[in-house]
Amino acid sequence: MEYGIISSMEPHRCLECGNVIPHMRTGKIFCCDSCRNRYHNAEKRQLRVYRRRIGNRLERNYTILEGLLAQGVDSLPLSDLQLMGFSPETVTGYFLKQRRSLELGCYDILYKQSGTKVFDLHRVRSPAKDSPHPYARDDTAPLP
Ligand SMILES: [Zn+2]
């Protein structure tokens, strides 16, 4: 590995096209408005793609969990869920419960997850308006 001193005399290069930016424009990071616009548009497009990908994962997770609840399933191996397309790293929330157990959420469906399985899958009742914890499970409410 070679080390060297980066000379302040090295030319500045445009972040978009890599062309040298003339010295009289020191402090600029783009060579022209067109490059600046292309760079920022690409950045926005990447963010849109990222947000859409996360949204799709959440939608798929929700559909899977909702289907399991409809079948009365409240626990199953994580590997089975992943085979269905479930993305365990994508959640809408997580809550540290009593005795330090972690509960994960996908909108109104909550569950616990160990390294190998998902369990205690349940749907949250509609959030109480005055609840300090809007997704707290209300065990005192009568069953429908
Ligand atoms: Zn440029």
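Predicted model: local features only at pLDDT ≥ 70, side-chain atom pairs only at ≥ 80, totals over all residues.

Checked burial first: buried residues make up 8% of the 144 residues in the protein chain. My cut-offs, with C-beta atoms placed from the backbone: buried means 20 or more other C-beta atoms within 10 Å of a residue's own, exposed means 12 or fewer, and partly exposed is in between.

Numbering starts from 1 along each chain as its sequence is written.

Looked up the elements next. The protein chain has two helices and seven strands, in the order β-β-α-β-α-β-β-β-β from the N terminus. Both are DSSP runs numbered from the N terminus: helices are H or I with at least four residues, strands E with at least two.

Then contacts, meaning C-beta atoms (placed from the backbone) within 7 Å. Of those in the protein chain with a separation of 6 or more, 40% come from residues 24 or more positions apart.

Most residues other than glycine have a negative phi. Tyr107, not a glycine, has a positive phi of about 55 degrees; I found it in the loop between β5 (102-106) and β6 (109-113). Tyr107 counts as partly exposed because it has 17 C-beta neighbours inside 10 Å.

Asp120 also has a positive phi, near 55 degrees, but it sits in strand β7 (residues 117-123). Its 14 C-beta neighbours inside 10 Å make Asp120 partly exposed.

Last stop was Glu89, in the loop between α2 (78-83) and β4 (93-96). Glu89 is exposed because it has 6 C-beta neighbours inside 10 Å.

Note on methods. Contact = placed C-beta atoms within 7 Å.
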